[in-house]
Amino acid sequence: MSGREIHVVVVGGSWAGITAVRQLLTLSRETYPRLLITLIERRTHYFHKTGIIRGLVDSNYAKQMFIPYDRLFAQSVSKFNHRIVCSRLTKVYQSFVEIENGARIFYDYLLLATGTEYTSLPVTQSTTARECRLMYQIMRDAIDAADHIVFIGGGAVGIGMCGEVAEMHPEKHITLVHARDSLLNDDLSTGFANATELRLQKMGVEVILNESVISSAESSCNSNSNGIRRRSSVSNMDVGRSGMWEVFPQKLVTGSGRHIACNLAIWTTGSRPATDYLSTLPVSNAKTPLIDTNTGRINVRPSLQLTDANYPNIFAIGDVNSLPLSEKYATSAVDQAKHAVAGIRILIDECYDFRAKMSPSMAADSALRACMDSYSATMKRQQAVVVSLGKHQELSTSLFARFSSWIHGSKRGRRYLIDRAQRMLNY
Ligand SMILES: Cc1cc2nc3c(=O)[nH]c(=O)nc-3n(C[C@H](O)[C@H](O)[C@H](O)COP(=O)(O)OP(=O)(O)OC[C@H]3O[C@@H](n4cnc5c(N)ncnc54)[C@H](O)[C@@H]3O)c2cc1C
């Protein structure tokens, strides 16, 4: 290892990013005292996205969902000052990144852990705990006030929300509209999707398949000049703030011309990987684009380094990378972070100096591959999917058991990993 400090910049302070920081802290404490860590996170607090559904109906749970970062570096004894920069990453270049105010932060290694954003859920746009709590209050008030709620989008988030709201408010009329002929996505068996649909129906949820909502028309008692509100005509924030979370009599219109009357429509589609900042990084080879055009996620090799061979010191981990959907879990994000840091350690041991533009040695390359083989082995043991339907019911299936699914009650009520998140941040 060279005598100078090694600067690792981690972007995104959630499961993947925080785990990476913790692993790096251990490395800096035990092995490389000259390792300097910077975490760039756009929010002032950790936001527990994994529990986003529960926060909708449970205000006590929502209060625990914003955890300060102040204890993350608290036990560090490094003589360097590790730091947290509260800002959005806007640009990435070969040796430095830029944040919102235009400041540059130079790096030796860059770990991108920016995950995905749910553009239709206003709470995910908030950057402070105060704003987040306010958004949750607005969403809860809307749910309380509405008597017929339509959820649009039957993926895990839409199903989970239906389950929570149906359990909490059995008196309300709840409808779930999904554009495909079965719920969830292609990774899962039809049997599992059908079992989920049946459970929802038993909870009183009306499930409408094969219909896409294309517009919303206010009912006559409340109509404006043309009577139509088109979702595409307002920004995502406006949708959350004043549009889709507003309670008023309305008719949703589907592609086939069907009208669905309700007084609150909630979009649960539109999860988008946060990768805008990569547009400034030149692509060295058209065959290895930085972004997967189908999914919008960052293309990575099995080692979790960018596929583009020009950037062996940039890793993408967690929900933001191009690994399959079956690995888009907090538990996978944690594993990926550990393996990426193990990869960085190998490169540091190899004295790989990126500023001097040396190539990584064959040894470092094969060591990285060996490291990722153990990652793949771990993942094969973990591939199970759980869909929650309120506090006391969940359906689970293994990704390999394409024909079987089963249901079991959860006596303690599912906590969506909040305790684990608190421990991760030393709370
Ligand atoms: C409703 C729901 C239930 C779930 N249940 C489970 C479960 O039971 N078990 C499980 O294992 N997984 C579950 N998951 C999946 C799990 O939440 C995700 O896989 C996990 O959050 C991914 O973590 P991440 O660190 O990759 O990204 P994210 O959690 O998406 O975090 C990304 C971070 O990056 C920050 N960021 C984004 N862009 C920028 C930028 N430009 N600059 C600076 N910071 C930025 C964000 O603010 C955020 O803090 C669930 C997900 C949902 C939505």
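Biologist: Is T124 buried or exposed?

Modeller: T124 is buried, because its relative accessible area is 4%. Buried here means under 20% relative accessible area, exposed over 50% and partly exposed in between, with a 1.4 Å probe and protein chains only. Keep in mind that this is a predicted model: local features need pLDDT of at least 70, side-chain atom pairs count only at pLDDT 80 or more, and totals for chains, interfaces and linings use all residues. Residues are numbered from 1 along each chain as its sequence is written, and side-chain values use heavy atoms, with hydrogens and water left out.

Biologist: Where is T124 found?

Modeller: T124 is in the loop between β10 and α4 (129-145). Helices (H or I, at least four residues) and strands (E, at least two) are DSSP runs, numbered from the N terminus.

Biologist: And what is T124 in contact with, leaving aside neighbours within four places in sequence?

Modeller: R42, R43, F47, I52 and Y118, where contact means heavy atoms within 4.5 Å. With Y118 there is a polar pair: its backbone oxygen lies 2.8 Å from a polar atom of the T124 side chain. A polar contact is a pair of N or O atoms within 3.5 Å; within protein, one must be able to donate a hydrogen and the other to accept it, and residues adjacent in sequence count only if both atoms are side-chain atoms.

Biologist: Nice. Let's switch to the ligand: how many residues surround it?

Modeller: 33 residues surround the ligand, and the closest are S14, E41, K49, T50 and R414. A residue counts as near if one of its heavy atoms lies within 4 Å.

Biologist: Which polar side-chain atom lies 2.8 Å from an oxygen atom of the ligand?

Modeller: One belonging to T50. The side chain of R42 also has an N or O atom 3.2 Å from a ligand oxygen, and a polar backbone atom of K328 is 3.4 Å from an oxygen of the ligand. Taken alone the ligand exposes 1,000 Å², and the protein buries 92% of that; these areas come from the Shrake-Rupley method with a 1.4 Å probe, and for residues only the protein chains shown count as cover.

Biologist: Which elements each supply at least two residues of that shell?

Modeller: α1, β2, α2 (52-57), β10 (116-118) and α8 do.

Biologist: Tell me about α1, then. What do its buried residues pack against?

Modeller: They pack against β1 (6-11), β2 (35-41), β3 (45-47), β9 (109-112), α8 (330-349) and α10 (418-424). Among the buried residues of α1 are W15, I18, V21 and L25.
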